[in-house]
Amino acid sequence: MASNIPNDKLFLPPSWRGMASVLMIAGLICIMLSAAICYLAGSSEVDGWTIFCHSYLANYVFCLTICLGALFFVMVTHLVRASWCASFRRIAELFAFTIPLWAILFIPILLTAYTKNDWLYPWALGPDSDLPGIVKNKLDYLNPLWFTIRVAIYFAVWIFAARFYFTMSRKQDETGDSEITLKLQKWAGPMIMLFALSVNFGAFDIVMSTDPAWFSTIYGVYIFAASMLSFFATTILSCYLLQRNGRIEKFVNTEHFQDMSKFQFGFIVFWSYIAFSQFLLYWYGNLPEETTWYMHRGEHGWLELGFVLIALHFVVPFLGTMSRHIRRRKAIMAGWACFILFVHALDMLFLVMPYEGIHLSFSLLLGHFVCWAGMFCLFVSIVLMRVGDTPLVAVKDPWLSESLAYEVGP
């Protein structure tokens, strides 16, 4: 097998690895600066700490969804024996392998549940507060201890799956044992089922419970669609930047970029379908306890952002990436990937931030996107630290030769 591997550079550029600590420091500084800006953006209706907590959660979910999308991609491609992606699957494994560090960054969010304040989760006020009856009826489920236990289970599933697939893949690099691939395929089905449950309930607990009076049975599917869309955008951009720096040029070809772009296009449509389906059901039902979430997003400037998302998250990328000619242009698709990641950030802002008393304003957007810059710096820093001296391609994957010869039709 080794004789079939092209002579190519398979490790990060040294200059990239040296950026990890700088990006980590820059990210922490941006997050602290965001806290100060959000604090100043507070008003008599809502304090600045509430604004910052919502911004931190929105940007945290932005980064976490990329990693969860990567984890699902790794598992499902093993499940269906997808050979076409063997040459860049390691990149997805590395994204997923950062989840343990995101568990640490969840601690500030978790602590807000124990403060007896409604900075992020109104249910944290407890049964002795003046919460609406519909929320008090949920407090046996929405309470700090039970919330902590559930989140620990979600992260345990994600961390175990990510670690299992990465360590087995690295072991195969060393031994060349093709039986490892069969083992990874064998466990993919059960792990995907656990993944589906954990992502669905994790979306309910971590994001949807910021508005505990509201509920949606397809909210987890919405988060999943956003995860896969952002993952493919990040992977396309990563492969393009690596090739611009002389890495994996012979492993990821135009055919791979075209297929990644196809999946990205598919999840543009799927996200739009889920978002519209959720809205249509509540518009048709028109029940007060179901429409309150959309009411918050129809006032204080948030309605305009909703219309922006319809245009930028669906119409523009749908029309812009549907052409095969465009999908086969690496630089153009990298540009579209940047665009999609930007609107994914807007989408997470729209999901999390609208809260009673929070107005969309310049100071809020400034504080939020400074926090986004900080969180994204942390994301890149964590990925670079995780990569280290790991080769960017699983060089002894038995499917690699098929991936290198991969071609697609029109």
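In which helix does lysine 330 lie? Lysine 330 lies in helix α15, where helices (H or I, at least four residues) are DSSP runs numbered from the N terminus. The model is predicted, so local features need pLDDT of at least 70 and side-chain atom pairs count only at pLDDT 80 or more, while totals for chains, interfaces and linings use all residues. Residues are numbered from 1 along each chain as its sequence is written, and side-chain values use heavy atoms, with hydrogens and water left out.

Lysine 330 is partly exposed, because its relative accessible area is 23%. On this scale, buried means under 20% relative accessible area, exposed means over 50%, and partly exposed lies in between (1.4 Å probe, protein chains only). Along the chain, lysine 330 and threonine 254 are 76 residues apart, yet their C-alpha atoms are separated by 7.3 Å. Contact means heavy atoms within 4.5 Å. Not counting residues up to four places away in sequence, lysine 330 touches Tyr240, Gln243, Val252, Asn253, Thr254 and Phe257.

Phenylalanine 257 counts as buried because its relative accessibility is 0%. Its contacts, leaving aside neighbours within four places in sequence, are Ile236, Cys239, Tyr240, Gln243, Val252, Arg327 and Lys330.

The axes of helix α11 (residues 254-285) and α15 come within 11 Å and cross at roughly 30°. Axes here are lines fitted to C-alpha atoms, for helices over the stretch in contact, and angles run from 0 to 180 degrees between N-to-C directions. The crossing angle therefore makes α11 roughly parallel to α15; angles under 35 degrees count as roughly parallel, over 145 as roughly antiparallel, 65 to 115 as roughly perpendicular and the rest as oblique. The crossing of α11 and α15 is left-handed. A crossing is left-handed if the near helix is turned anticlockwise from the far one by less than a right angle, and right-handed if clockwise. On the α11 side, the contact is made by Thr254, Phe257, Ser261, Gln264, Ile268 and Trp271. On the α15 side are Lys330, Met333, Ala337, Ile340 and Asp347. By type, the residues of this contact are six nonpolar, three polar and two charged. Ala, Val, Leu, Ile, Met, Phe, Trp, Tyr, Cys and Pro count as nonpolar, Asp, Glu, Lys and Arg as charged, and the others, Gly among them, as polar.

How do α3 and α15 pack? Helix α3 (residues 48-79) and helix α15 (residues 330-352) have axes 9 Å apart and meet at an angle of about 135°. That angle makes α3 oblique to α15. The crossing of α3 and α15 is right-handed. Helix α3 supplies His54, Leu57, Ala58, Val61, Phe62, Thr65 and Ile66 to the contact, and α15 supplies Leu341, His344, Ala345, Met348, Leu349 and Val352. Ten of the contact residues are nonpolar, three are polar and none is charged.

Eight of the eight residues of helix α4 (residues 89-96) are buried, so α4 is largely enclosed by the rest of the structure. Among the buried residues of α4 are Arg89, Arg90 and Glu93. The cover over these buried residues includes α3, α5 (99-105), α8 (144-175), α10 (219-244) and α16 (362-387).

In α16, the 26 residues should span 38 Å at 1.5 Å a residue, and the end C-alpha atoms are 37 Å apart, which agrees. The expected span is 1.5 Å times one less than the number of residues. Cysteine 371 lies in α16 and counts as buried because its relative accessibility is 0%. Not counting residues up to four places away in sequence, cysteine 371 touches Ile31, Ser34, Phe52, Ser55, Tyr56 and Asn59. After α16 comes glycine 388, whose phi is positive, near 50°.

Positive phi also occurs in two loops. Asparagine 286, in the loop between α11 and α12 (288-296), has phi near 55°, a positive value in a residue other than glycine. Asparagine 286 counts as exposed because its relative accessibility is 56%. Histidine 300, in the loop between α12 and α13 (302-321), has a positive phi of about 55° although it is not a glycine. Histidine 300 is partly exposed, with a relative accessible area of 29%.
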